[in-house]
Amino acid sequence: MGEYQDTRLDGVFNALCDPTRRAILARLTDTDARVTDIAADFPISLNSISKHIRMLERAGLVTRSVQGRDHVLALNAAPLADAAEWIEHYRRFWEGRLASLEKYITSRKRKRT
Amino acid sequence: MNAAVSNSIAPAAVVVRRTIAATAEELFDAWLDPEALAIWMRPGAAIHTTEAKVEPRVGGRFEINMHADSGVIPHSGVYQLIDRPRRLVFTWFSPHTGDRDSLVTVDFLPRDQRTEVVVTHEQLPESKREAHNGGWTRALEKLDAFRGA
């Protein structure tokens, strides 16, 4: 992986490690939404919501467009593909290792008995 | 919503489980024994040998070198928590983590005569990565002491 991609992947995982940010992304998977609508959905201050949204924008997961007086947010799913690839690699890796651990433990027990 | 999106929004981590007919102690020890690791930490046909070196203490390092025809794939990390036979936590650094630390937690849960092994592998958020040589390790040691009390 190149330096650029690592940095981007970092941003994506940092963005995803917070439940509020995951909820914002989930909210945007159905439809675009105004910042004020999103803020109304969460029981935290507009200031905190804005910080979460800025972090999602920096990770490239959310884009903002200004329509008149409204700031409208849209989901950009492309960076999630890198995260999904990382997750898929390690899901397969650990599934394989645990199968191998079982084989090791079982054969060792057979040898002892 | 496509699968990639839902998979990554839901958990920013990999969770893999397997229930094995063995005690938690037997399974736990296989994670810290270099001879055992050399046998079961050998993924796929491409890896013909695995060498493991471990310092099984909190703050101790491990190295697992997987030898393929194309060269050696090095894996290493530092033990953050060793709570035999319940939980093992270590950092994990490999070419597949973009040469950055990630964090692996292994839980051993008794299930009748068997044990469920749960591996949770997550990217280390930036804040924790910077801190993990100092504060992070100490925080986990405290947690360990608290659990033992």
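A:Asp70 counts as partly exposed, at 29% relative accessibility. The model is predicted. The side chain of A:Asp70 meets that of A:Arg34 in a salt bridge, 3.4 Å from N to O. A:Arg34 is also partly exposed, at 33%. The pair links distant parts of the chain: A:Arg34 lies in strand S1 and A:Asp70 in strand S3 of chain A, 36 residues apart.

These strands belong to an open sheet of 3 strands in chain A, with the order S1-S3-S2 and antiparallel pairing. The edge strands are S1 (33–34) and S2 (62–67), and each pairs on one side only. Between S1(A) and S3(A), residues 70–75, there are 2 bridges. Here A:Ala33 stands opposite A:Leu73.

## Helices of chain A

Helix H2(A), residues 19–30, packs on the sheet and touches S1, S2 and S3 of chain A. Its direction makes about 90 degrees with that of S3(A).

H2(A) also packs against helix H4(A), residues 46–58. The angle is about 70 degrees and the axes are 10 Å apart. That makes the two helices, H2(A) and H4(A), roughly perpendicular. From H2(A) come A:Thr20, A:Arg21, A:Ile24 and A:Leu25. They meet A:Ile49, A:His52, A:Ile53, A:Met55 and A:Leu56 in H4(A). By class, this contact has 6 nonpolar, 2 polar and 1 charged residues.

## The hairpin of chain B

In chain B, strands S2 (residues 47–54) and S3 (residues 61–68) run antiparallel, joined by 7 bridges. One bridge partner pair is B:Lys53 and B:Glu63. The hairpin has 6 residues between the strands, and B:Gly59 takes a positive phi near 95 degrees.

B:Asn65 lies in strand S3 of chain B. It counts as buried because its relative accessibility is 16%, under the 20% cut-off. Beyond residues up to four places away in sequence, B:Asn65 touches B:Thr49, B:Thr50, B:Glu51, B:Val72, B:Ile73, B:Pro74 and B:His75.

Over all chains, the structure holds 17 salt bridges. In chain B, B:Glu55 forms one with B:Arg57, with the closest N and O atoms 2.7 Å apart. B:Glu55 is partly exposed at 35%, and B:Arg57 is partly exposed at 47%. In chain A, salt bridges that share partners join A:Glu88, A:Arg91, A:Arg92 and A:Glu95 into one network.

A:Arg91 is partly exposed, at 30% relative accessibility. A:Glu88 is partly exposed too, with a relative accessible area of 30%.

Note on methods. Residues numbered from 1 in each chain as written. Chains lettered and ligands numbered in written order. Predicted model: local features only at pLDDT ≥ 70, side-chain atom pairs only at ≥ 80, totals over all residues. Heavy atoms only, no water. Pairing = 2+ DSSP bridges. Helix = DSSP H or I, 4+ residues; strand = E, 2+ residues; numbered from the N terminus. Contact = heavy atoms within 4.5 Å. Axes fitted to C-alpha atoms, helices over the stretch in contact; angles between N-to-C directions. Parallel < 35°, antiparallel > 145°, perpendicular 65-115°, else oblique. Nonpolar A, V, L, I, M, F, W, Y, C, P; charged D, E, K, R; others polar. Buried < 20%, exposed > 50% of the residue type's maximum accessible area, 1.4 Å probe, protein only. Salt bridge = Lys/Arg side-chain N within 4 Å of Asp/Glu carboxyl O.
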